[in-house]
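I opened this notebook to record what I looked up in one protein model. The entries follow the order in which I checked each item.

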Amino acid sequence: MRRATIPALVIAVGLLLFADLLVVNPALGDLAGVAVAAVIAVAAGAAIATGTTLAVRRGLDLWRRRGDPVGALAVLLGMAAVLVAGLRPGSAGAADPAVGWIVAALIAPIGATLFGLLFLATLSAARRSAIRGGREGLVLVAAALVLVVALLPIGGPLGTALSGVASWTLSVPIAGVFRGILIGIAITAAILATRTMFGIGPADE
């Protein structure tokens, strides 16, 4: 019975939010707001637990001199800097200028570097797909090339036309694909949650 509790809650909250999206009802909206607030609180608790676990693990790595001590020290110092800047007396929390400076000067450049590496990895994957000659890989590479060309900073009527093509491609077919993927994931999660709640396994099929 315990195993079915969490899937049942997931299904109930999902149906509640879905009903709130389809039906205009103040009471239903208030109930959905409470559910969203509870989900946010649970997510915040999970984030705090994850951060605490990371800090403890990196502290043990540094104490026992295992793994990468420099990386462990960098992680601990970064976490301490953000916590001190956001929780010190008189701080404005996440809106504090010190927190904003840390994000802009440290976290944002690190994220940009990771995305730069992701771009290089994507180019490598596209090259491998083109060499293999797979149909899906060639379609992905061709679509990416079309978007890259359309997003080039070209002036004049040609640049305006290419920008319109890029905007339409991103907002219609690509956005449709992403919506389909998200809907498929949501349906799969609901089915798995229902199967878990009712104890339906492969042997029952």
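Entry 1. Which residues in helix 3 are buried? I worked from a predicted model. In helix 3, I found Ala72, Ala85 and Gly86 to be buried. I then looked up what covers these buried residues, and the cover includes helix 2 and helix 4.

Entry 2. I next checked the length of helix 3, which runs over residues 69–87. Its 19 residues should span 27 Å at 1.5 Å a residue, and the end C-alpha atoms are 26 Å apart, so the two values agree.

Entry 3. I turned to the pairing of helix 3 with helix 4. In general, a pair of packed helices is described by the angle and the distance between their axes. Helix 4 covers residues 97–132, and its axis comes within 8 Å of the axis of helix 3. The two axes cross at roughly 155°. Angles over 145 degrees count as roughly antiparallel, and helix 3 and helix 4 are therefore roughly antiparallel to each other.

Entry 4. Which residues meet where helix 3 and helix 4 are in contact? From helix 3, I noted Ala81, Val82, Ala85 and Gly86. From helix 4, their partners are Ala98, Val99 and Ile102.

Entry 5. I then examined the loop between helix 2 (26–64) and helix 3, where Arg65 lies. Most residues other than glycine have a negative phi. Arg65, although not a glycine, has a positive phi of about 55°. Is Arg65 buried or exposed? I found Arg65 to be exposed, with a relative accessible area of 77%.

Entry 6. Finally, I looked at the whole chain. I recorded six helices and zero strands, in the sequence pattern α-α-α-α-α-α. The radius of gyration is 24 Å, well over the 17 Å that the globule rule gives for 205 residues, so the protein is more spread out than a compact globule. Along the principal axes, the C-alpha atoms fill a box of roughly 55 × 50 × 45 Å. Buried residues make up 12% of the 205 residues. Among contacts with a separation of 6 or more, I noted that 23% come from residues 24 or more positions apart.

Notes
Residues numbered from 1 in each chain as written. Predicted model: local features only at pLDDT ≥ 70, side-chain atom pairs only at ≥ 80, totals over all residues. Heavy atoms only, no water. Axes fitted to C-alpha atoms, helices over the stretch in contact; angles between N-to-C directions. Helix = DSSP H or I, 4+ residues; strand = E, 2+ residues; numbered from the N terminus. Parallel < 35°, antiparallel > 145°, perpendicular 65-115°, else oblique. Contact = heavy atoms within 4.5 Å. Buried < 20%, exposed > 50% of the residue type's maximum accessible area, 1.4 Å probe, protein only. Expected span 1.5 Å × (residues − 1). Rg over C-alpha atoms; globule rule 2.2 N^0.38 Å.
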